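Subject: Structure handover

Hello,

Here is the structure you will be taking over. Please open it first, then read the notes below.

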Amino acid sequence: MQDDATDITDTKDMAPKKTMVDYAIRYGFLTLLAGLLIYFSVAAEGFLSPYSAVFIFQSVAITGILALGVTFTLVVDGFDLSIGSTATSALMLSAYVMVVLEMSAVAAVVACLVMGALIGLVNGLLIVKMKVPDLLATLGMMFLLIGLQRIPTEGRSIATGMKLPGGETANGTFAPEFLWLGRNRFDFFIENLIPVSVVILVIVAILCWVFLELTRHGRLMYAIGSNQRAAALAGTNVNRYKIIAYMISGVLASVGGILLAARLGRGDIASGNNLLLDSVAAALIGFAVLGVAKPNAFGTAIGALFVGILLQGLTMMNAPYYTQDFVKGAVLVIALVFTFVLTGRRGGSNH
Amino acid sequence: MAKAAVEIQGLTKAFGTNNVLRGIDLELYSGEVTVLMGANGAGKSTLVKVICGVHPADNGTLKMHGEVIRPATPSEAIRAGIVTVHQNINDGVIPDLDVASNLMLDTLAEPGSGFFLKRREIRAQARKLAASMGLNVDVTQPVSELALADRQLVAIARAMAHEPKLMILDEPTSSLSATEAARLFTLLDRLRDAGVAILYISHRTSDIHRIADRIVSMRDGEIVGRFDEKPLDYEAAVNAMLGQKMVDATLDFKTAGAPVLELKDVQIRAGSPKISLTINTDEVVAITGLVGSGKSELAAILYGLKKPAGGTLTLMGAPYAPKSPGHAIESGVFMCAKDRGTNGVLQDHNLTKNISAPFLARFSTLSFVNRKAEARGARDTINDLNIICQSETDDIGTLSGGNQQKVVIGRWLSQPSDLLILDEPFQGVDIKARRDIGNKIRETAKGRATIVMASEMDEVMEIADRIIVLADHKIVGEHRNLDLDIKQVVAQVAGLNGNNKQAKVDG
């Protein structure tokens, strides 16, 4: 009884102190984002325009979609290192299906999505059934895919008119419907403003948010991430949810790969190098948004946007391109410190 | 013998508001094996951790041959002559290294022991050490290739390299077979003859009969009994450790209704005796027994976590063979697992999410969680169990231990079940919370069958209509909790004369 009594007074005493820190934790990152926007609007001419905004969105669309996939694996306390190579595999596969096999855009998209789901399934089975640690399983998958995507073309990029290993020439072309995904822009008050990839990003982000926050499946995934044993004892099929998380990650990565292929219009073997690191960074920056200190769809989207805004603003202020990675790294480190120091302190006072 | 090697006086230790050790006075003598007994949560491990430098003591002194020591780290304790062999065998050895390196590991880790490995020298020293301990293994063999018992012996031999004055062994035989244990005892005899004071933690009757010179019983953070007159009064020691204060909670006995769960010839482990048992609706059955008696394994079988080695289960008249907890819950069997930290609490989740976790499907339409209904359910549970919090959106980490326990129990009371199993529901809670939880379990018992797994006699007598005693994976006693012959129950718990009484009890 005495325990309980002191508990109440404790929390009451702490209440006023906690709110200040709580506000800092909750809205600190969003405030920073708003500050950045205001600063760039004033300092960089032309930053505050619809085209600039769309450009930012477009630059983060593919990373953002991949990052949302990573978020799912982070939610179940896993990690997916293979998303970057899944995306580039989808890029190569879609090019192969249309250019070499001369099939339709729909076939290319379906093939990529199925491949993404399969990769996720294999990742999930490796982790759940074979008990391979998540980082190692997906690292292995990453290497495997980097190698695999080069084999059918003997390591060359895919474009119309290329020589195939058999000696004949590839005559297929990228279907116009497929290129539409990467190049069309919808009218939105201004003509030809919003690219398809941005629309897809927004839709995917909303779907992920709804799934993770509002459905019981999302809730159970978070429960697994918090305490796998407790979740299992509460009747959750832990293995199934983990596999599903990796499959979602694989599918979203291949969506990113499709958009990349549609933008490039060729199966470029060398593109997509930065996808993994950028998207993981976005998901981790997302921890700091709203101070939840856990993976979340809203935070991931904001995290991706944050990096995009910062880079665009700096570019418009003539910062050289080679500083970009440094800036991303700095943002990530600051966000992580923010997440773990501040929320750690809050957690510490509770225990 | 006259002068104690180790003297502990007035030792206390609290974690937050939880007083784990409430003033321990204990002497340990050179060349003697002192067996320490205590139920889960009595404070045994905390006592060991304080002595071996893992936790600092709050108050009290630890004297080694008359000299006060205050080990702040495990390595300081080792230097002072206190070595500990932990329960988990693999904590004591490095499996990938060979036996020689393992035996000499502490020498290797010492600062200033040279940069390069002197392989031959190490092996020679290791062989000498192994020989002196009667350890017959090839020192070049990796430890991972050794049997469990040999690993244990290596860990102990390694500890002996420090020429300890006090050796602490925490349930060292828990994963050993009888013959393996016999080898361990031979080694311990040697240590005893060498004048080492040994503190041995175990519940196994056979261990204690074989090795103990003295028994010390612990309960609720206090030493409650010392037994050093030969022959050792093992029964009294168990008695003291379980405690049997009179129950002041009044029970209104329930008449049992129709059978809910029937076990027929169920074997908990392959080769273990067959158990038959019926649990009826409206009654609360306590299953008691020492650690390792098979309580938790039986719970695991009922909840679909483990397959029985033999026999059949019937639930509400239909065959019952749960494949998973999810399946068990669907069939109307709920289980509140023991040890809420690892098995119950969802950290960083609020109370609502913690309470609704198993039943989300019932709060969802088309997979979308109906948050209002969910919060309403959580508020009901909070009021029902008198959980102290500000609201149902509090993070579970902000609650005290007793209230967290109420949350994980309230979770399983929040929906009706046919059979509710509670494994150690009073673990780590104070007397007030224990009463609250116990009352709530009994109040709601109508309409379902309830099984409570508990090892403390007080708890069992507070909660049960019927008491079933398990020892060595078999039922050794069954009692109505009315005019209970506590002596007999305790004797059965301890695994004494359970066999001859069985016939009478069953009738």
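Chain B has a radius of gyration of 25 Å; a compact globule of 507 residues would come near 23 Å, so the two agree. Please keep in mind that this is a predicted model.

The C-alpha atoms of chain B fill a box of roughly 70 × 55 × 45 Å along the principal axes. Chain B holds 19 helices and 22 strands. Of its 507 residues, 49% are buried. Take the contacts in chain B between residues at least 6 apart in sequence: 68% of them join residues at least 24 apart.

Next, the contact between the chains. Chain A brings 28 residues to it, and chain B brings 30. On the side of chain A that touches chain B, four helices each supply at least two residues: α1 (2-43), α8 (216-226), α9 (228-233) and α13 (324-350). That side of chain A divides into nine nonpolar, 12 polar and seven charged residues.

Now the core. In soluble globular proteins, nonpolar side chains tend to be buried together. The largest nonpolar core here has 259 residues. Which of them touch the most other members? They are L66(A) and I198(B). Helix α10 of chain A, residues 238-264, gives the most to this core, with 16 residues.

Leaving out residues up to four places away in sequence, L66(A) touches I83(A), A87(A), L252(A), A253(A), G256(A), L275(A) and S279(A).

Best wishes

Key. Residues are numbered from 1 along each chain as its sequence is written. Chains are lettered from A and ligands numbered from 1 in the order in which they are written. This is a predicted model: local features need pLDDT of at least 70, side-chain atom pairs count only at pLDDT 80 or more; totals for chains, interfaces and linings use all residues. The radius of gyration is taken over C-alpha atoms; the globule rule is 2.2 Å times the number of residues to the power 0.38. A residue is buried if 20 or more other C-beta atoms lie within 10 Å of its own, exposed if 12 or fewer, and partly exposed in between; C-beta atoms are placed from the backbone. Two residues are in contact if their C-beta atoms, placed from the backbone, lie within 7 Å. Ala, Val, Leu, Ile, Met, Phe, Trp, Tyr, Cys and Pro count as nonpolar, Asp, Glu, Lys and Arg as charged, and the others, Gly among them, as polar. A nonpolar core is a set of buried Ala, Val, Leu, Ile, Met, Phe, Trp, Tyr and Cys residues joined through C-beta atoms within 7 Å.
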